[in-house]
Every structure is written in structure tokens, then in C-alpha cells.
Amino acid sequence: MLIRTWDRGDEQEWRAWLAEGRDFGLLAANGGPDEGPVLVPTHFLLDADRGEILLHLAAPNPLLAAVRADPHVTLAVTDGYAFAPGHWRGSPGTPTSYYASVHFHCTAEIVESPAAKAELLNRQLAHFQPETPEVRVVPGEGELARQLPGMRGLRLSVREVRAKFKYDDKKRPKEQHAIADLLAERAEGPGRARDQYAGARTQLLRRHQLRTAAARTSG
């Protein structure tokens with residue numbers, strides 16, 4: 001992922017962005033010779049303080065075989081995307097895509113023991129369905145425990161995080177505000193993409209406020 005100086009996100013920014021409820025991404029592992037990468041859409045649990053990501057997959061999932069051959073994986077989370085037509089952006093009229101994307105480059109460890117899988121799943125359950133604290137996995141007890149042999153946990157140790165927030169930060173404030181107004185018009189129009197235009201507008205204005213605050217501080 002190409003990251004320009006004006007659309008790079010720092011740790012505080014990407015942590016806050018993910019903490020808004022973004023816990024679904026695309027996990028990629030290296031395929032074998034003459035194969036492309038193996039991709040799996042998945043929910044995940046990020047523990048940024050520990051530098052780890054937890055998730056689980058069905059035992060036959062081909063990504064697990066890829067991890068056994070090469071434990072280096074990337075988890076990508078992308079949101080707030082919208083198409084920006086060229087006539088929105090002034091001369092020379094080049095269209096572009098707006099989006100926020102955070103990539104975690106990790107080393108994956110497959111979790112296989114029943115106790116370790118139960119501990120991993122219970123951490124995920126506490127995050128994704130906190131309203132049911134009584135639903136937990138105990139090896140040897142109940143229906144959830146009987147499903148343990150059919151799944152594998154994955155613990156990803158984060159080596160590097162690369163964050164990009166691409167919202168025309170290199171443009172002048174007046175131009176950015178004009179684009180924000182156009183995004184608002186699209187967000188109020190018909191079609192399923194309106195939520196994404198609204199999300200892109202929110203991110204564009206947020207980035208603009210961060211840049212303005214930084215300029216005041218440095219001034």
C-alpha cells in the first residue's frame with residue numbers, strides 16, 4: 001500500500017479509528033508456488049497493548065495450510081471509502097478513491113490445544129457478545145466444547161502497522177470543504193453507497209481538523 005506523507009496515519013489515529021467498532025477485515029497469507037495469496041474475510045479481536053490479534057477459523061480452511069508453510073500474514077481493515085469524480089477535485093480533473101485502511105503485518109501462530117482454543121474463543125465472546133457472559137467455552141462441557149475439534153485459533157503477533165487515510169489532505173482547506181459538501185450530497189441521495197459517502201465525509205473533515213490543530217500548535 002502506497003502511503004504519501006499527507007495521508008499517513010499515526011498510532012493514536014488508527015487506534016481510535018478501529019476502536020469505533022471496526023473489527024472485521026481481510027486476512028491474507030502467502031499461497032504456495034504458482035498460487036496467489038489466500039484471503040479470508042474475518043472478524044478479529046485486536047489487543048493493541050499486547051501487540052496481538054486473535055481470531056479463529058474452521059479446521060479445513062486453506063489459510064491454515066498456508067500459515068503452516070509461511071507464518072507471515074497481513075490483516076487489512078478498510079472503510080470510509082468513496083469515489084471522488086475528477087470534476088470535484090479541480091485541475092487537472094483526476095478522479096480518485098477516498099478510503100481509510102490499516103494493515104497489520106504479523107507472524108501467525110496456530111492455536112490447537114483445547115484449553116488454549118477455549119481461552120481464545122472466550123476472549124472473542126467477551127468482546128463480540130458481552131451481553132451473554134454466561135456463554136463461555138469450557139473444554140469437555142456443552143455444545144460449544146464439542147465444536148472445538150473442528151476449529152483452530154490464530155494468534156497474530158503484530159510486527160508492523162501501516163495506516164493510510166486518503167482524503168485529499170494535500171489540498172487547501174477551502175477545496176476540502178467544497179468536496180465535503182459534495183460528499184454530503186451523495187450521502188443524501190439514493191443507493192446503498194450513501195453510507196460510505198457519509199463515512200468518507202466524516203473522515204475527510206476529521207483529518208482536516210487534525211491538520212488544522214497541528215498547524216496551530218507548530219505555529
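This short talk covers the nonpolar cores and the aromatic contacts of the structure shown above. Please keep in mind that the model is predicted.

I begin with the interior. In soluble globular proteins, nonpolar side chains tend to be buried together. Here the largest nonpolar core has 41 residues, and the members touching the most other members are Leu63, Leu154, Leu156 and Leu183. Strand β6, residues 96-111, supplies the largest share of this core, with seven residues. A further core lies apart from it and has six residues, including Leu125, Val137, Leu148 and Met151.

What does Leu183 touch, leaving out residues up to four places away in sequence? Its partners are Ala82, Trp88, Tyr98, Tyr197, Ala200, Arg201 and Leu204.

I turn now to the rings. The count of aromatic pairs comes to three. One of them joins Trp14 and Phe104 edge-to-face, with 5.5 Å centre to centre and 90° between the planes. Trp14 belongs to helix α1, residues 11-19, and Phe104 to strand β6, so this pair ties together parts that are 90 residues apart in sequence. Both Trp14 and Phe104 are buried.

Tyr98 and Tyr167 have ring centres 5.8 Å apart and planes at 45°, so their pair is tilted. Because Tyr98 lies in strand β6 and Tyr167 in the loop between β7 and α5, the pair ties together parts that are 69 residues apart in sequence. Tyr98 counts as buried because its relative accessibility is 1%, under the 20% limit. Tyr167 is buried as well, with a relative accessible area of 0%.

Finally, a charge meets a ring: the charged end of Arg206 sits over the ring of Phe165, 5.1 Å from its centre.

Terms used. Residues numbered from 1 in each chain as written. Predicted model: local features only at pLDDT ≥ 70, side-chain atom pairs only at ≥ 80, totals over all residues. Heavy atoms only, no water. Core = buried A, V, L, I, M, F, W, Y, C linked by side-chain atoms within 4.5 Å. Buried < 20%, exposed > 50% of the residue type's maximum accessible area, 1.4 Å probe, protein only. Helix = DSSP H or I, 4+ residues; strand = E, 2+ residues; numbered from the N terminus. Contact = heavy atoms within 4.5 Å. Phe/Tyr/Trp six-rings, centres within 6.5 Å; stacked < 30°, edge-to-face > 60°. Lys NZ or Arg CZ within 6 Å of the ring centre and 35° of its normal.
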